[in-house]
Amino acid sequence: MNGSSPGVENGRDHAREQGSAVAWVESPLQMLCAVEAHHAGLLGANARVIPRAGLRPLAVTRREIVKLGPPAGLELDEPSPEMPRPRRGAGWAVGDAFSGKVQAAWLTALPGRIVIVDDGLATIRLLELLTGRFWTPLLRARATPGPLRKVLGSAAGMRLR
């Protein structure tokens, strides 16, 4: 995630056009990716990063970023056990595109711009599913989903496409 994304010649100008966003992160690398996405202007002029509670490495990463001083317009909230719901039309960054909670929020809260800040092989699977010839539901690689989960994964895939 850098400022060289298509249409992002000047990250700060682009950020003003995007409004604001909230990011839900569940790993230290997702948090760093959210900070970088904000700095590149992909999350808007103002963004809140909310780390998942109960993960010591995530709390340590948050503390160190706060010590260094996050980029202007970025707020690092205290860890929370609850995933925030994006405001209608606001930007939303998430790390786990295969989470049922995340996918349901994409469909019910209707966020504006969605930014994926995943940090692992799941990103490759997500890209394969989104760019494949067939509209495959967004499901984890080794999951055995039931019918309702398949419907949610299909609807989320359509939303992202």
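By salt bridge I mean a side-chain nitrogen of Lys or Arg within 4 Å of a carboxyl oxygen of Asp or Glu. R62 sits in helix 3 and E78 in the loop between strand 3 and strand 4 (91-94), so this pair ties together parts 16 residues apart in sequence. Helices here are DSSP runs of H or I with at least four residues, strands are runs of E with at least two, and both are numbered from the N terminus.

Quick note on what we're looking at. This is a predicted model, where local features need pLDDT of at least 70 and side-chain atom pairs count only at pLDDT 80 or more, while totals for chains, interfaces and linings use all residues. Residues are numbered from 1 along each chain as its sequence is written, and side-chain values use heavy atoms, with hydrogens and water left out.

Back to our pair: is R62 buried or exposed? R62 counts as buried, at 15% relative accessibility, and E78 counts as exposed, at 55%. The cut-offs are under 20% relative accessible area for buried, over 50% for exposed, and partly exposed in between, with a 1.4 Å probe and protein chains only. Over the whole protein chain, 41% of the 161 residues are buried.

By our rule there are 5 salt bridges. Another one joins R52 and E26, at 3.1 Å from N to O. R52 is in the loop between strand 2 and helix 3, E26 is in the loop between strand 1 and helix 2 (28-39), and they are 26 residues apart. R52 is partly exposed at 37%, and E26 is partly exposed too, at 23%.

Then there's E64 with K67, whose closest N and O atoms are 3.2 Å apart. Both lie in helix 3, 3 residues apart, or about one turn of the helix. E64 is partly exposed at 36%, while K67 is exposed at 61%.

Now zoom out. The protein chain has 6 helices and 5 strands. In what order do the 5 strands form their sheet? The order is 3-2-1-4-5, in an open sheet with parallel pairing; two strands pair if DSSP finds at least two bridges between them. Strand 3 (74-76) and strand 5 (114-116) stand at the edges with a single partner strand each, so one side of each has no neighbour in the sheet. Strand 2 (residues 46-51) pairs with strand 3 over 3 bridges, and V49 stands opposite L76 in strand 3.
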